[in-house]
Amino acid sequence: MGVSGAPRRYFTDAHSAAGIRLVFTEAVAALDGDGSRVRAALGRSGERYPPDLVVIGIGVEPNSELATAADLATTTGIDVDSYLRTSDPHVWAIGDCASFPCRYAGTASRRESVQNAVDQAWTLARTLTGTPTEYREAPWFWSHQGSLKLQIAGIADQPDYSITHSDPTAKKFSIFRFRDDRLTCVESLNSPAVHLAARRVLASNSRPSPSDVTATGFDLKDFTSSKRNQV
Ligand SMILES: Cc1cc2nc3c(=O)[nH]c(=O)nc-3n(C[C@H](O)[C@H](O)[C@H](O)COP(=O)(O)OP(=O)(O)OC[C@H]3O[C@@H](n4cnc5c(N)ncnc54)[C@H](O)[C@@H]3O)c2cc1C
């Protein structure tokens with residue numbers, strides 16, 4: 001999941017203002033402890049960081065050995081088609097392990113998110129109960145940090161440009177990200193209604209253009225309602 005520079009800076013500033021020190025230029029060389037409790041994380045710089053809590057994040061590489069041993073095609077995960085079917089027509093794969101053709105990323109990719117795992121399960125259930133269904137759900141993600149709720153609809157991994165609507169006094173913003181003039185992603189802060197509208201609009205074929213979004217008074221919720229009424 002990519003987060004663009006503006007939300008990254010916003011969250012960095014918000015945490016700094018709350019007295020949290022973020023250190024991006026350090027690497028942990030070792031944990032110093034007495035066998036029952038970590039006393040300090042030792043940075044490569046030589047600095048000691050006494051912790052309240054140590055969180056260790058590991059395991060970003062997919063383990064596809066089992067699938068490979070079962071003769072399933074694997075690249076960055078278990079390869080599946082748009083119906084989530086593997087190279088063996090009697091085997092399907094969903095969730096973190098499945099590398100599927102993602103129309104939002106424009107390439108085959110794996111998504112590690114609850115939304116992806118749950119929506120792929122719903123899609124595959126339809127196929128297995130007699131209604132062959134392609135996986136086409138718009139991806140979405142969230143991160144709740146204190147009073148700040150960042151919600152992201154779509155994928156914006158590729159180079160693109162963005163248009164921002166913001167209301168700093170209400171601690172709200174929406175960033176509309178485009179690739180080739182096509183809306184690919186909406187990052188919104190404390191704006192759940194915009195996020196829901198973004199998910200609807202990305203899943204549809206009628207997305208707002210850059211000039212729609214820059215027009216005075218543009219509101220994504222109104223845009224989706226008007227498009228629905230036209231159907
Ligand atoms: C710390 C952490 C925080 C996360 N936070 C978020 C978040 O905030 N938002 C979000 O959207 N996503 C989050 N995720 C990602 C999300 O949890 C996963 O994308 C989601 O759980 C994937 O579902 P899944 O069913 O594909 O895989 P899993 O939930 O990993 O389920 C796979 C299951 O298969 C079992 N299994 C593995 N190998 C075998 C085997 N050989 N035989 C039998 N069983 C086996 C495993 O034990 C496991 O129960 C987080 C993940 C982690 C680790």
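Around the ligand sit Leu66, Gly95, Asp96, Glu112, Ser113, Val114, Ala117 and Trp142, where a residue counts as near if one of its heavy atoms lies within 4 Å of the molecule. Sorted by class, this shell holds four nonpolar, two polar and two charged residues; here Ala, Val, Leu, Ile, Met, Phe, Trp, Tyr, Cys and Pro count as nonpolar, Asp, Glu, Lys and Arg as charged, and the others, Gly among them, as polar. The model is a predicted one, with local features needing pLDDT of at least 70 and side-chain atom pairs counted only at pLDDT 80 or more, while totals for chains, interfaces and linings use all residues. Residues are numbered from 1 along each chain as its sequence is written, and side-chain values use heavy atoms, with hydrogens and water left out.

The side chain of Asp96 places an N or O atom 2.6 Å from a ligand oxygen. On its own the ligand has 990 Å² of accessible area, of which the protein covers 27%; areas come from the Shrake-Rupley method with a 1.4 Å probe, and for residues only the protein chains shown count as cover.

Val114 also belongs to helix H3 (residues 114–128). Helices (H or I, at least four residues) and strands (E, at least two) are DSSP runs, numbered from the N terminus. Gln115, Asn116, Asp119, Gln120, Thr123, Leu124 and Thr127 are the buried residues of H3, buried meaning under 20% relative accessible area, exposed over 50% and partly exposed in between (1.4 Å probe, protein chains only). They take up an arc of only 145 degrees around the axis, so they share the same side of H3, the arc being that of the directions from the helix axis to the C-beta atoms. Val114, Trp122 and Leu128 are exposed on the other side of H3.

Helix H4 (residues 192–203) has 12 residues and reaches 17 Å from first C-alpha to last, close to the expected 16 Å. Its buried residues are Val194, His195, Ala197, Ala198, Val201 and Leu202. Seen down the axis of H4, these fall within an arc of 165 degrees and therefore line one face of the helix. In the loop between H4 and helix H5 (210–214) sits Arg207, which counts as buried because its relative accessibility is 16%. The Arg207 side chain reaches the backbone oxygen of Leu202 at 2.9 Å, and one of its polar atoms lies 2.6 Å from the backbone oxygen of Leu183.

Now for backbone angles. Most residues other than glycine have a negative phi. Leu84, however, has a positive phi near 70 degrees; Leu84 is in the loop between strand S4 (78–79) and strand S5 (98–102) and is buried at 0% relative accessibility. Asp180 also has a positive phi, about 50 degrees, but is exposed at 73% relative accessibility.

Notes: The expected span of a helix is 1.5 Å times one less than its number of residues. A polar contact is a pair of N or O atoms within 3.5 Å; within protein, one must be able to donate a hydrogen and the other to accept it, and residues adjacent in sequence count only if both atoms are side-chain atoms.
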